[in-house]
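User: I'd like a close look at one helix in this protein and at what surrounds it. Could you walk me through it in plain terms?

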Amino acid sequence: MRVLGIDPGLTRCGLGMVEGSIGRPLRLIDVGVVRTSSHLPVAERLVTIERGVEAWLEEHRPDAVAVERVFARSDVSTVMGTAQAAGIAMVCAARRGIPLALHTPALLGVALVMVRLLPPYIARV
């Protein structure tokens, strides 16, 4: 099974592809970031994110997509941008009929440490 993990953000939207099966360790396939300039209008930035996510879906053909759940922060503009980028990622997966799950950052970090794709000291950040 191939899973595309997405860490949504308006300036930096992280993407990571893993592959694995029950009883076997996950294998990291690819990682990347879709970047947008804060000097551009939000609509243009969202189009850039949509194109980037679509390119990853096309290239890697995941069986499922996992998007990091948006959590409250003190800066409303950060929450809004993150939520907008997450929405774009969800629409891209839904458009293709790919199963989608939302996960908390802590859960994703623990899962990656458990399969040894992420050192424990990074997961605590």
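Starting at the N terminus, the chain's elements follow the order β-β-β-α-β-α-β-α-α. That makes 4 helices and 5 strands, where helices (H or I, at least four residues) and strands (E, at least two) are DSSP runs numbered from the N terminus. Keep in mind that this is a predicted model: local features need pLDDT of at least 70, side-chain atom pairs count only at pLDDT 80 or more, and totals for chains, interfaces and linings use all residues. Residues are numbered from 1 along each chain as its sequence is written, and side-chain values use heavy atoms, with hydrogens and water left out.

Now for H2 itself. Helix H2 covers residues 76-95, and its 20 residues reach 28 Å from first C-alpha to last, close to the 28 Å expected at 1.5 Å a residue; the expected span is 1.5 Å times one less than the number of residues.

Which residues of H2 are buried? They are Gly 81, Thr 82, Ala 85, Ala 86, Ile 88, Ala 89, Cys 92 and Ala 93. These sit on the same side of H2, because they cover an arc of only 150 degrees around the axis, the arc being that of the directions from the helix axis to the C-beta atoms. An α-helix has 3.6 residues a turn, so residues three or four places apart point the same way. Here buried means under 20% relative accessible area, exposed over 50%, and partly exposed in between (1.4 Å probe, protein chains only).

What does that buried side pack against? Its partners are strand S1 (2-7), helix H1 (42-60), strand S4 (64-68) and strand S5 (100-103), with a contact meaning heavy atoms within 4.5 Å. On the face turned away from the buried side you'll find the exposed residues Val 76, Ala 94 and Arg 95. Just past the end of H2, Gly 97 takes a positive phi of about 75 degrees.

The structure holds 0 disulfides, a disulfide being a pair of cysteine sulfur atoms within 2.5 Å.

Among contacts between residues at least 6 apart in sequence, 57% join residues at least 24 apart.
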